[in-house]
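Work through the exercises below with the sequence and the model open side by side. Each task is followed by a solution in steps.

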Amino acid sequence: MSYSRLLNFINGSPMANSSGEVFDVINPATGEVIYQVECADQAIKDAAIQSAKTGFRVWSAMTAMERARILHKAVVLLRERNDALAEIEVMDTGKPWQEAECVDVVTGADAIEYFASLAPTAVGQQQEVAGDFYYTRKEPLGICAGIGAWNYPLQIACWKSAPALAAGNAMIFKPSEETPKGATMLAEIFIEAGVPAGVFNVVHGAAEVGQWLTTHNEIEKVSFTGEVNTGMKVMQSAASNLKDVTMELGGKSPLLVFDDADISEAVSAAMLGNFYTQGEVCTNCTRVFVQRGVYQQFIEELVARTKNNVVAGDPMDPEVNLGALISAKHQQLVLDYIEKGKLEGASLLTGGHALSPQSAPNGYFVAPTIFADCQDDMTICREEIFGPVMSVLVFDDEQEVIERANNTQLGLAAGVMSQDLRRAHRVIHQLEAGICWINAYGASPAEMPVGGYKLSGIGRENGLEALNQYLQTKSIYVGMNKLESPF
Ligand code: NAD
């Protein structure tokens with residue numbers, strides 16, 4: 001379905017608002033408005049809660065096998081429509097087609113497939129106690145809210161809805177107001193696959209709609225992806241009725257390149273972890289620590305490959321591997337960080353400016369930027385930039401780099417490049433981060449739990465444990481003996 005105006009998706013179909021309030025969505029690669037979106041007003045919000053209640057009653061009464069069968073149909077539809085959905089993601093986010101075509105929809109579908117398969121494995125236990133016994137049931141929570149960021153819109157909607165729905169919950173999802181279409185398309189696919197109306201609703205809007213979700217007393221859980229500061233606000237609001245929370249927040253992750261690493265692979269890891277999705281990835285290794293003995297060699301190959309192999313331009317061009325940043329405002333924020341880097345004395349080796357590629361002259365591009373000779377206390381080494389800006393730092397020994405890598409309040413991801421197996425494991429075990437890679441960077445299969453240490457998050461998405469985060473345990477004690485009482 002193509003929309004000139006995107007509506008909220010409630011109780012199995014698009015629903016018009018009463019307020020008439022709309023907002024624009026801009027294609028970051030052209031700067032043009034591509035469609036308008038209706039804001040969720042009070043009537044939409046009320047309908048979302050009502051439909052989620054109804055959806056929950058029907059969905060949670062099905063067996064896990066029945067739910068799994070339906071979700072598997074949604075997986076087939078997602079894969080069949082890969083290219084159309086990938087194109088929506090390119091238009092909304094500005095990311096390169098060559099990424100969206102093989103990552104965004106695929107990894108979303110993978111998560112639904114994984115949790116659909118896992119759903120029937122959620123079992124309780126039973127135990128005899130003093131001649132009586134108890135058993136436990138794994139029950140869904142009820143209505144869950146999902147709030148998404150703009151960098152992987154469809155994938156985030158899939159990663160949140162997959163365990164929530166597999167466990168028998170209903171979900172009201174609010175995508176980022178900058179990229180609202182992917183989640184709405186997912187809602188249609190769920191309906192087509194046979195998910196009952198009301199089980200997955202999409203509401204549109206900015207912070208105000210998000211806040212409503214986090215304070216509504218009939219919502220049992222909020223799964224949030226976004227910035228640390230927003231996450232803190234969400235948790236505070238969620239405390240009003242003790243909602244369960246999952247928080248997937250920002251990072252300032254380190255990549256440690258030891259002198260025994262394969263340097264070309266280390267350069268690949270650093271480039272993937274800084275320039276993929278034009279640097280708008282939460283797990284990016286924006287602090288690249290390189291051991292002194294290989295520093296020069298690393299820098300030379302890094303700069304040469306960045307100058308020669310990065311192609312910015314119309315993101316729909318399959319040759320393009322660097323897209324546009326999400327908005328003019330975000331582009332300016334990234335450029336401001338680059339200015340701070342220069343002012344604070346980092347050496348700019350390449351990039352450092354906006355780009356206006358011939359095939360997309362009005363897009364919000366920033367050249368892939370490399371700063372060397374960085375110091376730990378520079379702003380660019382402390383704050384999340386969320387753009388294609390890499391800081392390279394030099395180190396001498398293992399213990400020193402572990403301490404420096406951990407010297408941040410964030411703890412989302414970390415990587416080690418080394419051919420010494422013992423060293424790689426020894427070091428990674430000491431890094432304070434929830435998602436770690438050895439001789440790899442960025443891969444995140446549905447089977448692997450992901451989430452942050454410290455200020456980078458709470459709870460996990462994907463992997464076995466995520467299903468449990470959408471279930472609660474009911475204990476049932478059964479008296480087999482005559483009931484004794486002093487009264
Ligand atoms: P953001 O925090 O500005 O917004 C995220 C979402 O929260 C949006 O849908 C927004 O409308 C909503 N929101 C804003 N204020 C709110 C409030 N007070 N209450 C409830 N909802 C509110 O983040 P963003 O700019 O969209 O995304 C970029 C950030 O997301 C980066 O920090 C990045 O690291 C992080 N991120 C983390 C992960 C992860 O898995 N850890 C993944 C992707 C992005």
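The exercises cover helix packing, then pockets, then cavities, in a predicted model.

**Exercise 1. Packing of H6 and H7**

Task: Determine how helix H6 (residues 153–166) and helix H7 (residues 181–193) pack, and which residues make the contact.

Solution: 
- Step 1. The angle between H6 and H7 is about 40°, and their axes lie 8 Å apart.
- Step 2. Angles under 35 degrees would count as roughly parallel, and 65 to 115 as roughly perpendicular. H6 and H7 are therefore oblique to each other.
- Step 3. The two helices, H6 and H7, cross in a right-handed sense.
- Step 4. From H6, the contact residues are Leu154, Ala157, Cys158, Ser161 and Leu165; they meet Gly182, Ala183, Leu186 and Phe190 of H7.
- Step 5. By class, this contact of H6 with H7 has seven nonpolar residues, two polar and no charged.

**Exercise 2. Packing of H2 and H6**

Task: Repeat the analysis for helix H2 (residues 64–80) and H6.

Solution: 
- Step 1. H2 and H6 pack at an angle of about 165°, with axes 11 Å apart.
- Step 2. An angle over 145 degrees counts as roughly antiparallel, so H2 is roughly antiparallel to H6.
- Step 3. The crossing of H2 and H6 is left-handed.
- Step 4. Arg67, Leu71 and Leu78 of H2 meet Leu154, Cys158, Leu165 and Ala166 of H6.
- Step 5. The contact of H2 with H6 consists of six nonpolar residues, no polar and one charged.

**Exercise 3. The largest pocket**

Task: What is the volume of the largest pocket, and which element gives the most to its lining?

Solution: 
- Step 1. The volume of the largest pocket is about 1500 Å³.
- Step 2. Its lining has 50 residues, and nearest the centre are Trp150, Gly226, Glu227, Val228 and Thr230.
- Step 3. Elements giving two or more residues to this lining include helix H8 (207–215), strand S11 (221–225) and helix H9 (228–238).
- Step 4. H9 gives the most to the lining of the largest pocket, namely six residues.
- Step 5. The lining of the largest pocket divides into 19 nonpolar, 17 polar and 14 charged residues.

**Exercise 4. The second largest pocket**

Task: Which helix supplies the largest share of the lining of the second largest pocket?

Solution: 
- Step 1. The second largest pocket has a volume of about 700 Å³.
- Step 2. It has 30 lining residues, with Gln155, Trp159, Val281, Gly442 and Ser444 closest to the centre.
- Step 3. At least two lining residues each come from helix H5 (104–118), H6, helix H10 (263–275) and strand S22 (435–438).
- Step 4. H6 supplies the largest share of the lining of the second largest pocket, three residues.

**Exercise 5. Cavities**

Solution: 
- Step 1. The count is two cavities of 30 Å³ or more.
- Step 2. The largest cavity holds about 70 Å³ of space. Of its 15 lining residues, Pro254, Ala405, Ala413, Glu432 and Ala433 are closest to the centre.
- Step 3. The second largest cavity holds about 40 Å³. Among its lining residues are Gly251, Cys282, Asn284, Glu384 and Phe386.
- Step 4. By class, the lining of the second largest cavity has three nonpolar, five polar and one charged residues.

Methods
Residues numbered from 1 in each chain as written. Predicted model: local features only at pLDDT ≥ 70, side-chain atom pairs only at ≥ 80, totals over all residues. Heavy atoms only, no water. Axes fitted to C-alpha atoms, helices over the stretch in contact; angles between N-to-C directions. Helix = DSSP H or I, 4+ residues; strand = E, 2+ residues; numbered from the N terminus. Left-handed = near helix turned anticlockwise from the far one by under 90°. Contact = heavy atoms within 4.5 Å. Nonpolar A, V, L, I, M, F, W, Y, C, P; charged D, E, K, R; others polar. 1 Å grid on protein atoms, 1.4 Å probe; cavity = no way out; pocket = protein on both sides within 12 Å on 5 of 7 lines; lining within 4 Å. Points joined across faces, edges and corners; volume = space filled by probe spheres on them.
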